[in-house]
Amino acid sequence: MTTGEIRTSFEKYVGNDKYNHFILTLYEAFPLRNRLFFWQEQLLKEFTNEYDLELIELRQAHKIFNHCPVHNYELKNDNVPIVDGNSISSNFSNEKEKEFFPMANVNAPRNLERFSYPKNVDVIYCDKCREFLKQ
Ligand SMILES: [Zn+2]
């Protein structure tokens with residue numbers, strides 16, 4: 001199976017909502033987490049058993065699921081400023097953001113689990129999500 005086919009099969013297998021949640025969780029931490037959550041591992045295990053595929057580890061998961069769940073655009077890397085949650089002004093509700101442009105990531109909220117904060121951090125983003133945000 002190609003990575004595209006794996007994505008399509010996985011989405012079919014777990015359903016659209018769970019698929020979106022899976023992808024967004026995979027990329028929600030800045031920098032990216034260095035391990036999968038237990039529920040993500042379980043889901044991948046069930047899926048790969050069902051489709052008779054080799055188990056998908058974190059590194060492969062990032063290679064396979066590198067497309068925006070909303071727009072299906074290939075995700076890109078960027079380095080963006082870290083900002084205080086309070087200083088982010090937004091015309092959009094959180095629900096709208098989740099539904100239409102969950103991977104814009106034009107900046108990163110200061111909720112990192114670390115003691116000292118750099119000014120910038122690497123994020124993964126979707127071009128189409130950012131386009132939506134600019135409108
Ligand atoms: Zn997108």
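Tyr73 is partly exposed, because 17 other C-beta atoms lie within 10 Å of its own. The model described here is predicted, and local features need pLDDT of at least 70, side-chain atom pairs count only at pLDDT 80 or more, and totals for chains, interfaces and linings use all residues. Residues are numbered from 1 along each chain as its sequence is written.

Tyr73 is placed in the loop between α4 and β1; helices (H or I, at least four residues) and strands (E, at least two) are DSSP runs, numbered from the N terminus. When residues up to four places away in sequence are left aside, Tyr73 touches His67, Cys68, Cys126, Asp127 and Lys128, where two residues are in contact if their C-beta atoms, placed from the backbone, lie within 7 Å. In sequence Tyr73 and Lys128 are 55 residues apart, and in space their C-alpha atoms are 7.0 Å apart.

### The domains

The domain assignment of the protein chain gives domain 1 (3-64) and domain 2 (76-134), and such bounds come from an automatic or database domain assignment. Between them, 4 residues of domain 1 are in contact with 8 residues of domain 2. The side of domain 1 that touches domain 2 has, by class, 4 nonpolar, no polar and no charged residues. For these classes, Ala, Val, Leu, Ile, Met, Phe, Trp, Tyr, Cys and Pro count as nonpolar, Asp, Glu, Lys and Arg as charged, and the others, Gly among them, as polar.

Asn77 lies in strand β1, which covers residues 76-83. Asn77 is exposed, because 8 other C-beta atoms are found within 10 Å. Not counting residues up to four places away in sequence, Asn77 touches Asp122 and Ile124, and the C-alpha atoms of Asn77 and Tyr125 are 6.4 Å apart in space, although 48 residues separate the two in sequence.

### Helix packing

Two packed helices are described by the angle between their axes and the distance between the axes. Helix α1 (residues 3-14) and helix α2 (residues 16-26) pack at an angle of about 125°, and their axes are 6 Å apart. Here axes are lines fitted to C-alpha atoms, for helices over the stretch in contact, and angles run from 0 to 180 degrees between N-to-C directions. At that angle α1 and α2 are therefore oblique to each other, given that angles under 35 degrees count as roughly parallel, over 145 as roughly antiparallel, 65 to 115 as roughly perpendicular and the rest as oblique. Phe10, Glu11 and Val14 of α1 make the contact with Asn16, Lys18, Tyr19 and Phe22 of α2. By class, this contact of α1 with α2 has 4 nonpolar, 1 polar and 2 charged residues.

Helix α1 also meets α3, whose axis comes within 11 Å of that of α1 and crosses it at roughly 110°. The helices α1 and α3 are therefore roughly perpendicular to each other. In this contact Phe10, Tyr13 and Val14 in α1 meet Leu43, Phe47 and Glu50 in α3, and by class the contact has 5 nonpolar, no polar and 1 charged residues.

### Loops and backbone

Pro31 lies in the loop between α2 and α3 (38-50), and a cis peptide bond, with omega of about -10°, joins Phe30 and Pro31. Asn34 has its place in the loop between α2 and α3 as well, and Asn34 counts as exposed because it has 8 C-beta neighbours inside 10 Å. The table gives two C-alpha separations for Asn34.

| Pair | Apart along the chain | C-alpha separation |
|---|---|---|
| Asn34 and Arg7 | 27 residues | 21 Å |
| Thr2 and Asn34 | 32 residues | 24 Å |

Thr2 lies in the segment before α1, and Thr2 is exposed, with 8 other C-beta atoms within 10 Å.

Asp52 is not a glycine, yet has a positive phi of about 55°; the place of Asp52 is in the loop between α3 and α4 (58-64). Asn105 is likewise not a glycine and has a positive phi of about 45°, with its place in the loop between α5 (94-100) and β2 (108-109). Are these residues buried or exposed? Asp52 is exposed, with 7 other C-beta atoms within 10 Å, whereas Asn105 counts as buried because it has 23 C-beta neighbours inside 10 Å.

Technical notes
A residue is buried if 20 or more other C-beta atoms lie within 10 Å of its own, exposed if 12 or fewer, and partly exposed in between; C-beta atoms are placed from the backbone.
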